[in-house]
Amino acid sequence: MCGRSRTPLLWKEKVMENEALSIVDKRTQAKYEIPVSNGTIRAMDLRQIKTGPDDFGLMSYDPAFMNTASCHSTITFIDGDKGILRYRGYPIEQLAEKCSFLEVAYLVLFGDLPTEPQLKEWVGNITHHTMLHETTKKFLEGFRYDAHPMGMLISTVAALSTVYPEARHVLDPEVRKLQMYRLIGKVPTIAAYTYRHSLGYPYVYPDNELSYAANFMNMLWKMTEPKYVANPILARALDILFILHADHEQNCSANVMRSVGSSQADPFVAVAAAAAALSGPLHGGANEEVLKMLDEIGSKDKVPAYIEHVKAGAGKLMGFGHRIYKNYDPRARIIKWAADKVFEVTGRNPKLEIALELERIALEDEYFIKRKLYPNVDFYSGIIYQAMGFKPEMFTVLFAIPRTVGWLAQWQEMLEDREQKIARPRQVYTGHDARDLVPIEKRVAKETAAM
Ligand code: ACO
C-alpha cells in the first residue's frame, strides 16, 4: 500500500524454544503446541483446534477485552500493580517535572525527546495551525447556548474533516503529519470556543507568541485587555496536567481511535469518535462526575455515610478504581502536588477537604482495599480545574486536548503496523436458529425490550 512504512515482524523472532503452551483437546484427544511470546498466545493459533473438518475452530471469548492484547505498542508502559507510568520509557514524574507539554507531545508521537532545534520547529508547526476556518466558527455558533462543551467539541472536530478533505489519504505519512499539526493546534481553539460560546462571549483568536497552555488560557479568558498575560503558575500547572493526560495506552478511547482508524477513516472523524468514547462517565467524563459527587456529599462529616451508600451498591465512588491500576495512580499523586501550587494562587478549593476525607476513609476500608480501588487521575483533576475557574462541564474537554496527542500516536502506530487490519471482533451467536417468517396478521405480540 502506498506510503505505508512497515515495521518488522517481531513476534516470530521472539518465540523461544520451549516457550509454548501444550493443549490437549479433551473433545478429540488431539494435542497442540501453541507458541508463547511476551506472555501471550496468538488467538489465531487457537483456530487450528477443531473437532472436525466442518468446525470453524476455537475462538477466545473476552467481553470488554479483559485479557486481550490488541496490538504491540512502544508508546506507553503501565505497571498497574506497582503504579508505574512511562511514555517511551521515561517516567511520568520526570516528564512532568522537567518538560513542556509540546516536548512530551513530540516524544509520544515520534519516540524520542526533541533536540532544541527540533523542538523549535515542532512548536512552530503546531502554533501555525491554531486558527480555525471562519466557517468552522460559524458552525460552532449553531449550537444552543447550553450545549455541553464535549458535544460541541466532538462535532466540531468531526466537521474539520470537511474542511481538510485531503486528510483521507491516511497512508501518506506527509499528509498524516500535517493533520497531526492541525489537530494538536486546533483542538485547544475549538475547546476554548465551546467555553466562550456557552458564556455568549466573542471568540478570541490564538496568540502565537504564547505557550500552548498560555495561549489556551488567552482564548478562554481574554476580555478587553490588548494582550492576555497568563499567571505563570497556573499556566505551568495546566501544562503539567496536559502532560499527565497525553496518553494511557489501550484505554477505551485509544481503542476507539485505533478501531475507527483501522477502516482508514480520516483522523478528524477518528479523533471525534475517540473523544466521544472519552466523554462517558466511566472514562474521561468521570472528572465532571467527581465534582457532582463532591457537591452531593456537601461536607466532610457526610463522607462516612456516602462511603456506606457506595458499599451498599447505590453508586460508585467516582474517580476511584481503574482497569489497569491496582495501586495509586501515579498521575493522581502528581495532580495532588500540582494542586498545592494552584491553591497558592487561587486559594484552596473547599471541596479538597471532602476529597481528602473520601480518600482517607476509602483507603482504610475493607471494601476498597479488597478490590484494590485507589484514586485515579480524575479524582483530583476537577478540583484543580474548578479552582482555576473552569466549569465542571469543561473538565472532560480539558482531558481531550492533551489526549489528542496520544490518540494520534496510537493511530500512527496502528497504520504503520503491518500486522494490523480493519478491526473486527468475532461474536458468539446465541440467537434463534433459522425460522420461517410469520405474516403480520398472524403474529402474536410479545413483550420486547423495544416496547
Ligand atoms: N466505586 C465503588 N466500587 C467500585 C468502583 C468505584 N469507583 N470501581 C469498581 N468498583 C467495584 C465494582 O463494583 C466491582 O465490585 P464487585 O467485585 O463486588 O462486583 C469491583 O470493584 C471491580 O470493578 P469492575 O467494574 O469490574 O472494574 P472495571 O475494571 O471493569 O472498571 C472503572 C474500571 C470503569 C474505572 C471502574 O472502576 C469505575 O467505574 N470507576 C468510577 C469511574 C471512574 O472514575 N472512571 C475513570 C477511570 S480513569 C479514566 O478512564 C481516565
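**Close-up views of a predicted model**

**View 1. Asparagine 218 lies in helix α8.** Helices (H or I, at least four residues) and strands (E, at least two) are DSSP runs, numbered from the N terminus. This is a predicted model, in which local features need pLDDT of at least 70 and side-chain atom pairs count only at pLDDT 80 or more, while totals for chains, interfaces and linings use all residues. Residues are numbered from 1 along each chain as its sequence is written, and side-chain values use heavy atoms, with hydrogens and water left out. With a relative accessibility of 2%, asparagine 218 counts as buried (buried means under 20% relative accessible area, exposed over 50%, and partly exposed in between, with a 1.4 Å probe and protein chains only). Apart from neighbours within four places in sequence, asparagine 218 is in contact with Val204, Tyr205, Pro206, Asp207, Leu210 and Tyr228; contact means heavy atoms within 4.5 Å.

**View 2. Asp207, Glu209 and Lys227 are joined in a network of salt bridges.** A salt bridge is a side-chain nitrogen of Lys or Arg within 4 Å of a carboxyl oxygen of Asp or Glu. Between lysine 227 and glutamate 209, the closest N and O atoms are 2.8 Å apart. This pair links distant parts of the chain, 18 residues apart: lysine 227 is in the loop between α8 (212–221) and α9 (232–244), and glutamate 209 is in the loop between α7 (173–199) and α8. Lysine 227 is partly exposed at 37% relative accessibility, whereas glutamate 209 is exposed, with a relative accessible area of 67%. In the whole structure, a search finds 21 salt bridges.

**View 3. A salt bridge joins lysine 336 and glutamate 359.** The closest N and O atoms of the two residues are 3.4 Å apart. Lysine 336 belongs to helix α14 (residues 330–346) and glutamate 359 to helix α15 (residues 351–364), so the pair ties together parts that are 23 residues apart in sequence. Lysine 336 counts as partly exposed at 27% relative accessibility, and glutamate 359 counts as buried at 9%.

**View 4. Lysine 292 and glutamate 288 form a salt bridge within helix α12 (residues 286–297).** The two residues are four residues apart, about one turn of the helix, and their closest N and O atoms are 3.9 Å apart. Glutamate 288 is buried, with a relative accessible area of 9%, while lysine 292 is partly exposed at 44%.

**View 5. Helix α3 (residues 101–110) packs with helix α18 (residues 395–416).** Their axes are 9 Å apart, at an angle of about 15°. Axes are lines fitted to C-alpha atoms, for helices over the stretch in contact, and angles run from 0 to 180 degrees between N-to-C directions. The helices α3 and α18 are therefore roughly parallel to each other, a term for angles under 35 degrees. The contact is made by Phe101, Ala105, Val108 and Leu109 of α3 and by Pro402, Val405, Gly406, Leu408 and Ala409 of α18. Of these residues, eight are nonpolar, one is polar and none is charged (Ala, Val, Leu, Ile, Met, Phe, Trp, Tyr, Cys and Pro count as nonpolar, Asp, Glu, Lys and Arg as charged, and the others, Gly among them, as polar).

**View 6. Glutamine 264 has a positive phi of about 65° although it is not a glycine.** Glutamine 264 is placed in the loop between α10 (252–261) and α11 (267–278).

Notes: Parallel < 35°, antiparallel > 145°, perpendicular 65-115°, else oblique.
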